[in-house]
There are 2 protein chains.
Amino acid sequence: MRLLPQPATENIQLTEVLRALSDPVRLEIVARLAAAGQMNCTVAGDALGVHKSTASHHYRILREAGVVRTEQDGRLKYMSLRHEDLESRFPGLLPAILTATTLHRAPTTSESTVSATASARASAGSR
Amino acid sequence: MRLLPQPATENIQLTEVLRALSDPVRLEIVARLAAAGQMNCTVAGDALGVHKSTASHHYRILREAGVVRTEQDGRLKYMSLRHEDLESRFPGLLPAILTATTLHRAPTTSESTVSATASARASAGSR
């Protein structure tokens, strides 16, 4: 596994993080990473329904801003959130953004809400 | 006093707020508003050291994103943060951004850090 270039924690800039997160597709990537922990970039891109090059562009912006770390294993790339780095640099920022994203997510893109509802129904049905 | 056009609280978008705050001058305006409560736009622009038209541009972006409210009284305009509106829509977001701004403010613009250090020294010296 090779770590792709990223800013050191002390060099992560607030304005860059806010700019990286000021896009609905990138917010969606971050929300999914928060839920999944780590994601294969190809699979994540397919799930987002955007072109591969568009997805790569968004991943790069998130990585260069210091929001995600990306590890490469041969032709595969894996992303994860830099939770602890962001928390140490900007306490409470990422949790507040994730909360806001969850609160105001468009219903049509919110698979997690759909699956949560489905699993709640299944769970209620099994009682 | 006439309130300039602004989005209703329920129409404030996270991506617009993050984009509005992804600029160092606008972050500085927001930090100063947090400290001052309300500011005369002309005075605030002079203090920022940017051209009047640049300052107006930044104020407009902050207002249209829903970050500040602006009231006009004749030729004078007054800005204040939409603290409660933002808190109800995105809990914890503005406080986290203000904390991060205070923590990582550039020393040259950080009057509060300088005065805090000076007062800490004075306090240490007086013991």
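Predicted model: local features only at pLDDT ≥ 70, side-chain atom pairs only at ≥ 80, totals over all residues.
Residues are numbered from 1 along each chain as its sequence is written, chains are lettered from A and ligands numbered from 1 in the order in which they are written, and side-chain values use heavy atoms, with hydrogens and water left out.

**View 1. Where chain A meets chain B.** Chain A puts 20 residues into the contact, and chain B puts in 20 residues (contact means heavy atoms within 4.5 Å). About 1,600 Å² is buried between the two chains, with carbon and sulfur atoms giving 73% of that. Buried area here is the accessible area (1.4 Å probe) that two parts lose on being put together, summed over both. On the chain A side, look for Leu18(A), Ser22(A) and His104(A): these lose the most area to chain B, together 28% of what that side buries.

View 2. Helices H1 (14-20), H2 (24-36) and H6 (93-104) of chain A each supply at least two residues of the side that touches chain B. H6(A) gives the most, with seven residues. Helices (H or I, at least four residues) and strands (E, at least two) are DSSP runs, numbered from the N terminus. Sorted by class, this side of chain A has twelve nonpolar, five polar and three charged residues. For that tally, Ala, Val, Leu, Ile, Met, Phe, Trp, Tyr, Cys and Pro count as nonpolar, Asp, Glu, Lys and Arg as charged, and the others, Gly among them, as polar.

View 3. A salt bridge is a side-chain nitrogen of Lys or Arg within 4 Å of a carboxyl oxygen of Asp or Glu. The whole structure has ten salt bridges over all chains, but the count between chain A and chain B is zero. The pair to look at here is Arg19(B) with Glu16(B), whose closest N and O atoms are 3.1 Å apart. Both residues lie in helix H1 (residues 14-20) of chain B, three residues apart, or about one turn of the helix.

**View 4. The open sheet of chain B.** Four strands line up in the order S1-S3-S4-S2 (chain B), with antiparallel pairing. S1 (2-3) and S2 (38-40) of chain B stand at the edges with a single partner strand each, so one side of each is left without a neighbour in the sheet. Strands count as paired if DSSP finds at least two bridges between them. S1(B) is joined to S3 (residues 68-73) of chain B by two bridges, and Arg2(B) sits opposite Gln72(B) in S3(B).

**View 5. The S3-S4 hairpin of chain B.** S3(B) and S4(B) pair antiparallel over six bridges, and Glu71(B) stands opposite Tyr78(B) in S4(B). The two strands form a hairpin with two residues between them, and Gly74(B) in the turn has a positive phi of about 65°.

**View 6. The open sheet of chain A.** The four strands here also run S1-S3-S4-S2 (chain A), with antiparallel pairing. Two bridges join S1(A) to S3 (residues 68-73) of chain A, and Leu3(A) has Glu71(A) in S3(A) as its bridge partner.
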